[in-house]
Amino acid sequence: MLVALLSMLIFHTRDEMDTEVLRKQQYWMSKGRNKNTYPVVFAGDSRVFRGLSPKHFSSEFMDLAAYNYAFWSNGFGKDYLEGLEAKVESSADTRVIILGLSPHSLTRKAARCDHYHDVMK
């Protein structure tokens, strides 16, 4: 009986973990395939990704649509900057890029933008 209960607990926990992993994968896949453009775009690494909410920003600033284009351990390599520029709505009256800079984001390692390239495959 104890073994059966433990098995159920393990499988239930594993299922929740699998669901969380899938949810994260779906998020990054949709981010990589998003072709929409926005008047306001946040750029940078995980500090921006986890710290700036487009929804909150939009509600506070004239309902301008915003998008968080930040990635884990990201820097500002050529590919990323070109992708960032493409996310900005060129016909918008107001066009803003908000850069989140950290010492790491300015390193050569971060400029490789490994997570960005993984997502954009």
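Trainee: Which side chain does Asp45 meet in a salt bridge?
Mentor: The side chain of Asp45 meets that of Arg47, with N to O at 2.8 Å, where a salt bridge is a side-chain nitrogen of Lys or Arg within 4 Å of a carboxyl oxygen of Asp or Glu. This is a predicted model, in which local features need pLDDT of at least 70 and side-chain atom pairs count only at pLDDT 80 or more, while totals for chains, interfaces and linings use all residues. Residues are numbered from 1 along each chain as its sequence is written, and side-chain values use heavy atoms, with hydrogens and water left out.

Trainee: Is Asp45 buried or exposed?
Mentor: Asp45 is buried, at 2% relative accessibility, whereas Arg47 is exposed, with a relative accessible area of 55%. Buried here means under 20% relative accessible area, exposed over 50%, and partly exposed in between, using a 1.4 Å probe and protein chains only.

Trainee: And how many salt bridges are there by this rule?
Mentor: The count comes to 4. Among them is the one between Glu82 and Lys78, at 3.9 Å from N to O, and another joins Asp114 to Arg112, with the closest N and O atoms 3.7 Å apart.

Trainee: Why are Glu82 and Lys78 separated by about one helical turn?
Mentor: Because they are 4 residues apart in helix α4; helices (H or I, at least four residues) and strands (E, at least two) are DSSP runs, numbered from the N terminus. Glu82 is partly exposed at 43% relative accessibility, while Lys78 is exposed at 62%.

Trainee: Switching to the inside, which residues of the largest nonpolar core touch the most other members?
Mentor: Of its 22 residues, those are Val40, Val41, Phe42, Tyr69, Phe71, Tyr80 and Tyr116. A nonpolar core is a set of buried Ala, Val, Leu, Ile, Met, Phe, Trp, Tyr and Cys residues joined through side-chain atoms within 4.5 Å.

Trainee: Which element gives the largest share of this core?
Mentor: That is β1, with 4 residues, and the elements that each supply at least two include β1 (40-43), α4 (78-87) and α6 (114-120).

Trainee: What is Val41 in contact with, leaving aside neighbours within four places in sequence?
Mentor: Val41 is in contact with Tyr67, Tyr69, Leu84, Lys87, Val88, Val96, Ile97 and Ile98, contact meaning heavy atoms within 4.5 Å.

Trainee: Last one, where does Ser46 lie?
Mentor: Ser46 lies in helix α2 and is buried, with a relative accessible area of 19%. Leaving aside its neighbours within four places in sequence, Ser46 is in contact with Gly51, Phe71, Trp72 and Ser73.
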